[in-house]
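These are my notebook entries on what I looked up in this structure, taken one topic at a time.

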Amino acid sequence: MENAVILASGLGTRMRPLTDKIPKPLIKVHGIPMVETVITGLKKRGVDNIYLVAGYLAGQFAYLEKKYPGLHIIINNEYASVNNISSVNAARGVLDYGDCFICEADLFITDSSVFEADLKSSCYYGSMARGYSDDWVFDQDSDGRITRIGKGGRNCYNMAGIAYFKQKDAIILKKAVEDTYHKGSYKDMFWDEVVNNNLDKLKLKVHRVNKGQIIEIDTVAELAYINSRNY
């Protein structure tokens with residue numbers, strides 16, 4: 001069984017003033033809320049249950065439970081004071097259920113076939129960036145296994161906002177998140193940093209996608225640009 005967690009609790013500060021009244025994942029791109037392009041892609045794959053973690057303006061996501069059978073909303077009460085590790089922590093119980101996607105909610109999926117891949121191992125989706133990138137990137141060993149997840153790298157894959165964990169690795173991730181919480185000093189952490197700190201236990205590779213298949217929109221200017229193009 002496959003499940004999915006969609007991280008949708010953030011404040012979306014870089015998209016202000018649009019996000020003063022609407023959560024960023026519900027901002028429309030070409031007439032469709034961004035998060036719905038993620039949901040429809042997961043549904044086309046046949047994902048059994050989708051758990052959307054909401055926080056900021058959480059009530060605005062309620063219609064999605066009626067529109068998409070099998071979608072469940074989880075409330076992250078820490079969204080305003082803890083980084084996105086809090087969203088994975090709020091949904092950590094889902095990681096026991098089976099293989100699991102973890103997706104950012106502020107993605108515009110232009111090609112839903114990215115969800116139809118035959119994923120043989122746990123992985124992060126990534127697009128190749130030639131030259132230097134100051135974004136989140138992956139270092140890999142000669143076998144393609146991810147050896148570092150962090151910001152900054154040259155001629156490597158950029159994080160695309162979608163990860164997939166086979167059940168064994170999902171359970172390891174759950175325990176790692178719980179251990180991080182128990183140790184404290186987690187409030188500023190991204191959940192990917194927890195993954196990076198446990199790469200010796202996890203077997204993660206990069207699943208390659210083209211940059212135009214998955215678009216992350218961070219600013220009002222980027223939104224205007226994407227809306228001006230044909231997809």
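Before the pocket entry I need its terms: a pocket is an open set of grid points with protein on both sides within 12 Å along at least five of seven lines, and its lining residues have an atom within 4 Å of a point. Strands are DSSP runs of E, at least two residues long, numbered from the N terminus. I also note at the outset that the model is predicted.

**Entry: the largest pocket**

I looked up the volume of the largest pocket and found about 1,300 Å³. Its lining takes in 44 residues, and R14, K24, D106, E216 and D218 are the ones that lie nearest the centre.

The largest cavity contains about 50 Å³ of space. Its lining consists of L7, I102, C103, E104, Y124, M159, G161, I162, A163, W191 and D192, and the elements that contribute two or more of these residues are β6 (99-104), β9 and α5 (191-196). β9 gives the most to the lining of the largest cavity, with four residues. I classed the lining residues as eight nonpolar, one polar and two charged.

**Entry: nonpolar cores**

The largest nonpolar core has 36 residues, of which Y124, I149, F165, L173, W191 and V195 touch the most other members. Strand β9, residues 146-165, gives the most to this core, with six residues. Apart from it I found another core, of 33 residues, including F61, A105, Y164 and I214.

**Entry: cysteines**

How many disulfides does the structure have? With a cut-off of 2.5 Å between cysteine sulfur atoms, I count zero disulfides. The sulfur of C100 has its closest cysteine sulfur in C103, and because the separation is 8.3 Å, the two are too far apart for a bond. C156 is likewise in no disulfide, the nearest cysteine sulfur being that of C123, 17 Å away. I also checked burial: C100 is buried, at 0% relative accessibility, and C156 is buried at 8%.

**Entry: R208**

Is R208 buried or exposed? R208 lies in strand β10, residues 204-208, and it is exposed, because its relative accessible area is 52%, where exposed means over 50%. R208 and Y124 are 84 residues apart in sequence, yet their C-alpha atoms are 8.5 Å apart in space. Leaving aside neighbours within four places in sequence, I find R208 in contact with G126, M128 and Y157.

**Entry: backbone geometry in loops**

The peptide bond from R16 to P17 is cis, with omega near 10°, and P17 is found in the loop between β1 and β2 (28-29). I then noted positive phi values in residues other than glycine. H30, in the loop between β2 and β3 (32-33), has phi near 50° and is partly exposed at 34% relative accessibility. L57 has a positive phi of about 50°; L57 sits in the loop between β4 (49-54) and α2 (63-67), and is partly exposed with a relative accessible area of 30%.

Methods:
Residues numbered from 1 in each chain as written. Predicted model: local features only at pLDDT ≥ 70, side-chain atom pairs only at ≥ 80, totals over all residues. Heavy atoms only, no water. Buried < 20%, exposed > 50% of the residue type's maximum accessible area, 1.4 Å probe, protein only. Core = buried A, V, L, I, M, F, W, Y, C linked by side-chain atoms within 4.5 Å. 1 Å grid on protein atoms, 1.4 Å probe; cavity = no way out; pocket = protein on both sides within 12 Å on 5 of 7 lines; lining within 4 Å. Points joined across faces, edges and corners; volume = space filled by probe spheres on them. Nonpolar A, V, L, I, M, F, W, Y, C, P; charged D, E, K, R; others polar. Contact = heavy atoms within 4.5 Å.
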